[in-house]
Amino acid sequence: MAAFVDRVTLHATAGNGGHGCVSVRREKFKPLGGPDGGNGGNGGDITLVVDAQTTTLLSYHHLPHRTAGNGEPGRGDNRHGKNGETLRLSVPDGTVVKDADGNILADLVGEGAEYVVAHGGVGGLGNAALASPKRKAPGFALLGIPGEHADVVLELKTVADIALVGFPSAGKSSLIAALSAARPKIADYPFTTLVPNLGVVQAGQMRYTVADVPGLIPGASQGKGLGLEFLRHVERCAALVHVLDCASLETDRDPLSDLEAIENELAAYSVEPTSEQQAEDLIPLHERPRLIALNKTDLPDGTEMADMVREQLEERGYRVFDVSALAHQGLDPLKYAMGELVEESRARQVPVEASPVVTIEPKVRRKGGRPEEFTLRREERNLKPLFRIRGIKPEKWVAQTDFTNDEAVGYLADRLHRLGVEDRLFADGARPGDTVVIGDDETGVVFDWEPTISTGSEVLSGPRGSDLRMEQTSRPTRGEKRKEYEDLKAARAGVRAEMDEERRSGLWTDYDSDTQN
Ligand SMILES: Nc1nc2c(ncn2[C@@H]2O[C@H](COP(=O)(O)OP(=O)(O)OP(=O)(O)O)[C@@H](O)[C@H]2O)c(=O)[nH]1
Ligand SMILES: [Mg+2]
């Protein structure tokens, strides 16, 4: 069977940030005129936008890989790189964006609704921007961050006022063609319609949209005949019209049993809520307002059959209309009745609109205070401890670091120290030489931890000629323990003061990392 293009996987790769530039200004009598390396441009995003002209996801079926523009690198003479171009992808109204695990990321309803599937990487600062009074000529720049890559599933859930439902070849496509300007494919073999067709119907003052969804068969709600794919398109339609074939050539079928079969499928299908608020307002498919069109009454068999079943259908509470989609008979009464159905459902405020789900980056909250900038977790790797640091800032800083440049690495160490990473490692019992990973297993960077602040080695060395290890036969008293702790603290404070002094004198400067967040 042909491919269904109302569900596609999109592989979106946003643009990379351009690298910052290291450059030194040269003038005639001033060979070292200060840093003038420009910043890299930001990478372009990939954004989905609802566009009324787009009715299918076909183009993503053909071209599933999409890439946005990269930011240009910065250049000398303070020239900043251009930002990469953002890719705006048109999607039909009612497109649901899901991640690979089926979680809904966004529900795009209404012209102009948009969602960024992949964010472009931030451009790196050039050495001009990294300069400060204390670090006059930085010999490094920050790298641009790679653009995000996202594999998302796009699903179309047609948004229309009314859906035409019925068995294959009942004449749904013929009917929408007769009622509106839509020109869907019509043929006398089943499953001719593979993607929903939308038509706009004008009935007097009333204007509404009708969707011709693919044919349903018994078992559709369990996925038979790709029924789930089709029923999905009925979800967003406030009202339904049963199109019943009165001239079916199949002997085991008649309008009454067809109706029952379709109703069973509608009842068995559970509408998927896209947000909590919507879940309460959701009306199951079989409770939505609906009426019946008895089709193919231009044929003698059709008229006969319609006369036989009309009364029984009306007894069940349906409004029934005899039509011929082919001969354009009985269409006006049906059009107006459909208009009333729409009015009725609009009054009941059947939610056709859905609110986009906003995804917020998870932040770890510190008790009663600011969110933590990072988390530290102790893991085991080959029986050795491994300390894993996660956090938006540290992971970003690592990605910005050119590890072939010592100055850049020092700058990173400085940023991490200021964030408190080193203190936390100490506090959680990390030892020099332990493995520290910043980020996840795939893209994280692995370090052997070399603390910039020395541990308590000074405290361990006792008076010349004595060996502390020999003397620790008895457990230290509380007083000794306190002394040890005080010494350790003093030693660490000393090293830190030294480092601060170094920093103040401009070795690593106090470039304010907050401008890079
Ligand atoms: N005589 C007659 N034939 C009709 C009428 N309506 C549709 N047909 C024929 O029935 C066949 C199927 O019509 P479609 O409109 O494609 O049926 P459908 O319900 O859209 O079918 P699927 O897309 O497969 O679900 C075509 O050969 C149509 O010409 C009608 O009112 N009278
Ligand atoms: Mg059809």
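1. Basis of the note. Local features in this predicted model need pLDDT of at least 70 and side-chain atom pairs count only at pLDDT 80 or more, whereas totals for chains, interfaces and linings use all residues. Residues are numbered from 1 along each chain as its sequence is written, while chains are lettered from A and ligands numbered from 1 in the order in which they are written.

2. The core. The largest nonpolar core has 75 residues, of which Ile162, Ala163, Leu164 and Ala293 touch the most other members; such a core is a set of buried Ala, Val, Leu, Ile, Met, Phe, Trp, Tyr and Cys residues joined through C-beta atoms within 7 Å. Strand β12 (residues 237-245) gives the largest share of this core, seven residues. The core lies between domain 1 (1-156) and domain 2 (160-347), because both give residues to it; the domain bounds come from an automatic or database domain assignment. Here and below, a residue is buried if 20 or more other C-beta atoms, placed from the backbone, lie within 10 Å of its own, exposed if 12 or fewer, and partly exposed in between.

3. The ligand shell. Ligand 1 is surrounded by 24 residues, and the closest are Gly171, Ser173, Asp188, Thr193 and Gly215; a residue is counted if its C-beta atom, placed from the backbone, lies within 6 Å of the molecule. Helix α3 (residues 172-179) supplies the largest share of the shell, three residues. By class the shell holds 10 nonpolar, 10 polar and four charged residues, where Ala, Val, Leu, Ile, Met, Phe, Trp, Tyr, Cys and Pro count as nonpolar, Asp, Glu, Lys and Arg as charged, and the others, Gly among them, as polar.

4. Helix α5. Helices (H or I, at least four residues) and strands (E, at least two) are DSSP runs, numbered from the N terminus. The 14 residues of α5 (residues 255-268) should span 20 Å at 1.5 Å a residue, and the end C-alpha atoms are 20 Å apart, which agrees; the expected span is 1.5 Å times one less than the number of residues. Buried in α5 are Pro255, Asp258, Leu259, Ile262, Glu265 and Leu266. These residues cover an arc of only 125° around the axis and therefore lie on the same side of α5, the arc being that of the directions from the helix axis to the C-beta atoms. Ser257 and Glu260, on the other side of α5, are exposed.

5. Glu265. This residue of α5 counts as buried because it has 25 C-beta neighbours inside 10 Å. Glu265 and Leu285 are 20 residues apart along the chain, and their C-alpha atoms are separated by 9.3 Å.

6. Helix α8. With 17 residues, α8 (residues 331-347) reaches 24 Å from its first C-alpha to its last, close to the 24 Å expected at 1.5 Å a residue. Its buried residues are Leu334, Lys335, Met338, Gly339, Leu341, Val342 and Ser345. They cover an arc of only 160° around the axis, which puts them on the same side of α8. Gly339 is 137 residues from Gln202 in sequence, yet 8.6 Å from it in space, C-alpha to C-alpha; Gln202 is in strand β10 (residues 197-203).

7. Positive phi. Most residues other than glycine have a negative phi. Ser169, in the loop between β9 (160-165) and α3, has a positive phi of about 65° and is buried, with 22 other C-beta atoms within 10 Å.
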